[in-house]
Amino acid sequence: MAHEQAHEQAHEQAYEHITVPAVGERITVREGRLAVPDNPILMWIEGDGIGPDIMTASKRIWDAAAQKVYGGQRKVAWMEVYAGDKAAGLYDGNYFPDETLDALRDFYVGIKGPLTTPVGGGFRSLNVALRQELDLYACVRPVKWYPGIPSPLRHPELVDVVIYRENTEDVYGGIEYKAGSPEAEKVQRFLVEEMGAAMVPHSGIGIKPMSEFGSKRLIRKAIDYALSSGRKSVTLVHKGNIQKYTEGAFMQWGYELARQEYAGVIVTEEQLYDQYRGQLPEGKLLIKDRIADIMFQQMLLRPAEYDVIATPNLNGDYLSDAVAAEVGGVGIAPGANFADYVALFEATHGTAPKYANQDKVNPGSLLLSGVMMFDYIGWGEAADAIESAYTRTVEDKIVTYDFARQMDEAHEVKTSDFASAVIERL
Ligand code: NAP
């Protein structure tokens, strides 16, 4: 309740540059669930570089799908919030205004285009800053193949996984000391003299903290998703054979959580073969684990055996890009970052500055992130409509340059024309 009241109060504040749409209603949290009105206020951050091109195209499709499916009964009230170059222009050079964070906390659900990471000058990545400030602890990437999309696999149709990557811990905490620095020397002295560790003198040092709290909340989200969407398994991907008390602990905490909180629903691989002759009973969820290096092979050789994947931060970073490449790469892979309720959906590629304002690139990643967003707010019918119209467009070989160059007899179109083609097929 305190959480809900705090948000009610926050809503009263006035913003400097953000205009709250008069017609829309706020998404709220009631009894631990999102309460979504028929005209929800959803936030958008345009993004830099190719951001405006893909955002304009995608918003047209999202709105057209809602109109088509709900006939005006449900309609998004869009609210623009600012980050990156556009924010810097409005807020005196501030790339990451506080009121953007306030709005994201107050209104819960938004979608963003890619943001430039300004190089040098002590700037941290805006994407990392957003994740940390909002405690967006689960980075979620569904990866599946759409017919007609070029793939390096012989059977890309077997790839259909959702990767839950822990987003706040592991080596991403930035606890690092440069080789030879007084800090590195001090940490090394402590480790060698007091802890008996062996180390080449003057090494650079990085620290990898991983907690039970951080691991379990990520794995819980993955299991909840698997159960609510009828998925068959959750695989814990870790490097616990080498890093026992971080990656290995992640795996153990995962099994412990499954036993404690999902008893009666969960089947382990051992039980699957001992008790069920290898056949997962209806309504049960298989929980298993794989060492990270083997998992990369498995996703190439036996992708059909994997469904939902839960993994620590660094493994997840590598794995999500590698698996995305199996089904067409960055132009198409959607993504989202979740806290308990706040969710920020995003294109997973960067700003591709050389293509900015050319109406050229593939809007697929952002578009399909919007499909995830519609699913998240319970607009599954609109999400399905977009996905199937998207599939038909690509099947008709109407594609942007990136796919066209890998396909035979493709009809290459601009970003905006691609959007029109999807809308025609809704
Ligand atoms: P990038 O912007 O993702 O672009 C790399 C290449 O990927 C492009 O040259 C293009 O390939 C292809 N590509 C990316 N988006 C595409 C799309 N929508 N359609 C078709 N092809 C697409 O990566 P980068 O050049 O390394 O990074 C540029 C900037 O983006 C940097 O400032 C970086 O920090 C930032 N960035 C932001 C995010 C984020 O906001 N989430 C993520 C990554 C990077 P071809 O050249 O082969 O056509």
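**Entry 1: the ligand**

How far does a polar side-chain atom of Arg405 lie from an oxygen atom of the ligand? I looked it up and found 2.9 Å. A reminder to myself before going on: this is a predicted model.

For Tyr355, an N or O atom of the side chain is 2.6 Å from a ligand oxygen. For Asn127, I noted 3.1 Å between a side-chain N or O atom and an oxygen of the ligand. The ligand has 21 residues around it, and those that come nearest are Gly350, Ala352, Lys354, Tyr355 and Tyr401.

Tyr146 is buried at a relative accessible area of 7%, and Tyr390 is buried at 0%.

Back to Tyr355 and Tyr401: they form a tilted aromatic pair, with 5.0 Å from centre to centre and 50° between the planes. This pair also links distant parts of the chain, 46 residues apart. I found Tyr355 in the loop between strand E15 (343–347) and helix H12 (364–376), and Tyr401 in helix H14 (residues 401–404). Both Tyr355 and Tyr401 are buried.

**Entry 2: charges over rings, and a cluster**

Which residue lies over the face of Tyr401? I found Lys360 there, at 4.6 Å from the ring centre. Elsewhere, Lys59 lies over the face of Trp44, 3.8 Å from the ring centre. I also noted one aromatic cluster made of Tyr70, Phe374 and Trp379.

**Entry 3: the nonpolar cores**

I wanted to know which residues touch the most other members of the largest nonpolar core. The core has 106 residues, and the answer is Ile223, Phe374 and Tyr390. Helix H2 (residues 51–70) supplies the largest share of this core, with eight residues. There is a second, separate core of 14 residues, and Val143, Val159, Ile163 and Met299 are among them. As background, nonpolar side chains tend to be buried together in soluble globular proteins.

Beyond its neighbours within four places in sequence, Ile223 is in contact with Val234, Leu257, Ala258, Tyr262, Ile266, Leu285 and Ile287.

**Entry 4: Ser365**

Is Ser365 buried or exposed? Its relative accessibility is 0%, so I put Ser365 down as buried. Ser365 is found in helix H12.

Next I checked what its side chain reaches. A polar atom of the Ser365 side chain lies 2.6 Å from the backbone oxygen of Ala333. A polar side-chain atom of Ser365 also lies 3.0 Å from the backbone nitrogen of Thr348. With neighbours within four places in sequence left aside, the contacts of Ser365 are Val330, Gly331, Ile332, Ala333, Pro334, Ala347, Thr348 and His349.

**Entry 5: Glu269**

I found Glu269 in helix H9 (residues 269–275). Not counting residues up to four places away in sequence, Glu269 touches Leu286, Ile287, Lys288 and Arg290. I also looked up its separation from Glu31: 238 residues in sequence, and 35 Å in space from C-alpha to C-alpha.

**Entry 6: positive phi**

My last stop was the backbone. Most residues other than glycine have a negative phi. Asp135 is not a glycine, yet its phi is positive, at about 50°. Asp135 lies in the loop between helix H5 (126–133) and E6, and is partly exposed at a relative accessible area of 34%.

Where is Asn357 placed? I found Asn357 in the loop between E15 and H12. Its phi is near 60°, again a positive value in a residue other than glycine. At 61% relative accessibility, Asn357 counts as exposed.

Notes
Residues numbered from 1 in each chain as written. Predicted model: local features only at pLDDT ≥ 70, side-chain atom pairs only at ≥ 80, totals over all residues. Heavy atoms only, no water. Core = buried A, V, L, I, M, F, W, Y, C linked by side-chain atoms within 4.5 Å. Buried < 20%, exposed > 50% of the residue type's maximum accessible area, 1.4 Å probe, protein only. Helix = DSSP H or I, 4+ residues; strand = E, 2+ residues; numbered from the N terminus. Contact = heavy atoms within 4.5 Å. Phe/Tyr/Trp six-rings, centres within 6.5 Å; stacked < 30°, edge-to-face > 60°. Lys NZ or Arg CZ within 6 Å of the ring centre and 35° of its normal. Near = heavy atom within 4 Å. Polar contact = N/O pair within 3.5 Å; in protein donor to acceptor, adjacent residues only side chain to side chain.
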